[in-house]
Amino acid sequence: MQEPLLGAEGRDYDTFPEKPPPSPGERTRVGVLQNKRVFLATFAAVLGNFSFGYALVYTSPVIPALEHSSDPNLNLSKTQASWFGSVFTLGAAAGGLSAMVLNDLLGRKLSIMFSAVPSAAGYALMAGAHGLWMLLLGRMLTGFAGGLTAACIPVYVSEIAPPSVRGALGATPQLMAVFGSLSLYALGLLLPWRWLAVAGEGPVLIMVLLLSCMPNSPRFLLSKGRDTEALQALAWLRGADADTHWEFEQIQDTVQRQSSRLSWAEARDPHMYRPIAIALLMRFLQQLTGITPILVYLQPIFGSTAVLLPPKDDAAIVGAVRLLSVLIAALTMDLAGRKVLLFVSAAGMFAANLTLGLYVHFGPKSLAPNSTVGLEHAALAGTEQPLATPTSYLTLVPLLATMLFIMGYAMGWGPITWLLMSEILPLRARGVASGLCVLVSWLTAFALTKSFLLVTNAFGLQAPFFFFAAVCLVNLAFTGCCVPETKGRSLEQIESFFRTGRRSFLR
């Protein structure tokens, strides 16, 4: 089995260069303790991704509850509901940009721990909210924490993991985010909306407690001249019996060679801006598939269509399917190849969005319209659909189509955009470029979530789904024309492709 690409050696892509393969005896003696401690540190860090996934979909069960609230200060209008759903993404964009500074100022571990402050404050504000401003501020603070952790945690994990498990551990942030969303959907079946916010405090506190016992990234410590602490951190992560001196020297050499800043003249070079442009466009197109507004408004969408099961149950089922799909993607990514999964993903999302749009436009009308966000009024305006009976199998279409959409996204355009970004971005530009990707991603998500309800009320619920379907066709063309296949290729080969433009290594 080939090592993950991030473990490949090279002057510009060299996080932890690999030493010559150890003997089987050495691998057996060192591997268990090494991986056990790395797994523990990784688990402590990715609890931040769990909180991010939990907070992202918090509005799915909460908006319907607030639309029916007897408290006039909390009863949300359609416009207020759209702000409550979308302001999270503005906070996430700010958190992602702040990571560009905090990652190098505080370090990876302390930046993740710092995210607990706005996260805990945000949940507390929403749990005790007695007005709209508390809901919006709490939502923005949890978004800021989510954006910060989404940018810092992958860096921390990649810098503490040995090459032998870095590929597997690289999928854990996405897995934990999905598990966090599933937990919110499940708890939404049992708890009132205020207690959902209280429950969100738990993972944040556990993350801080565990991370306080974990070491910082050896690379960060070396970059700050704290060589002794870096060697101690590496020795703890690898185990007392591991020979860390060779790896320590390689990290030290890498930090010294990559300490210079990227100049504007270098940034104008095609081998620099082309991979950055591809990464930015992938993040932009990823959001335009509609993933964020669909997750944020999942329960209201089900509530405004004719569905066989209660909307809360449908949302929980979709969350479970999403978790299963990410697990499948993690297992098949290095077998099927990036582009194949991107093609399958875009095709599946196209079929799902088209089906949802056609169902809303031509399908049966809900027997119990949900006024939560007014989706059903616009979706059904000007059409004459038959009423659906509770046992009609046709009313399974929204659930099945949404499951197909989530499966398609989670198996391709969800995790692979982040993986390709780490593979194709030049290391010297990765800090700034990853920050730009976060900014583009979450500003796009904000525009979509803010406008989703407005477009729905103006043109019908089918309109955004038809738009998302058209974007998926663009994604198919973009994948075929612009995205290189990086499966089984070293980072040197990928860099050579962008430097020379020759595609021979892709064949």
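Predicted model: local features only at pLDDT ≥ 70, side-chain atom pairs only at ≥ 80, totals over all residues.
Local features need pLDDT of at least 70 and side-chain atom pairs count only at pLDDT 80 or more, while totals for chains, interfaces and linings use all residues. Residues are numbered from 1 along each chain as its sequence is written, and side-chain values use heavy atoms, with hydrogens and water left out.

**The chain**

The chain has 24 helices and zero strands. These are DSSP runs, numbered from the N terminus: H or I of at least four residues for helices, E of at least two for strands. Of its 507 residues, 57% count as buried. Buried means under 20% relative accessible area, exposed means over 50%, and partly exposed lies in between (1.4 Å probe, protein chains only).

Contact means heavy atoms within 4.5 Å. Among contacts with a separation of 6 or more, 82% join residues 24 or more positions apart.

**Aromatic pairs**

The structure holds eight aromatic pairs. Rings of Phe, Tyr and Trp (its six-membered ring) pair if their centres lie within 6.5 Å; planes under 30 degrees apart are stacked, over 60 edge-to-face, and the rest tilted. Two of the pairs are tabulated here.

| Pair | Ring centres | Plane angle | Class |
|---|---|---|---|
| F52 and F88 | 6.0 Å | 40 degrees | tilted |
| W83 and F446 | 5.9 Å | 45 degrees | tilted |

F52 sits in helix α1 (residues 24-56) and F88 in helix α3 (residues 78-105), 36 residues apart. F52 is buried because its relative accessibility is 11%. F88 is buried too, at 0%. Ring pairs also join F52 and F88 with W442 in a cluster.

W83 lies in helix α3 and F446 in helix α22 (residues 430-459), 363 residues apart. W83 is partly exposed, at 36% relative accessibility. F446 has a relative accessible area of 17%, so F446 counts as buried.

**Charged residues**

R139 lies over the face of F84, at 6.0 Å from the ring centre. For this, NZ of Lys or CZ of Arg must be within 6 Å of the ring centre and within 35 degrees of the ring normal.

K450 belongs to helix α22. K450 is buried, yet has no salt bridge. A salt bridge is a side-chain nitrogen of Lys or Arg within 4 Å of a carboxyl oxygen of Asp or Glu. The nearest side chain of opposite charge is E67, 12 Å away. Lys and Arg count as positive, Asp and Glu as negative; His and the chain ends are not counted. Leaving out residues up to four places away in sequence, K450 touches S82, W83 and S86.
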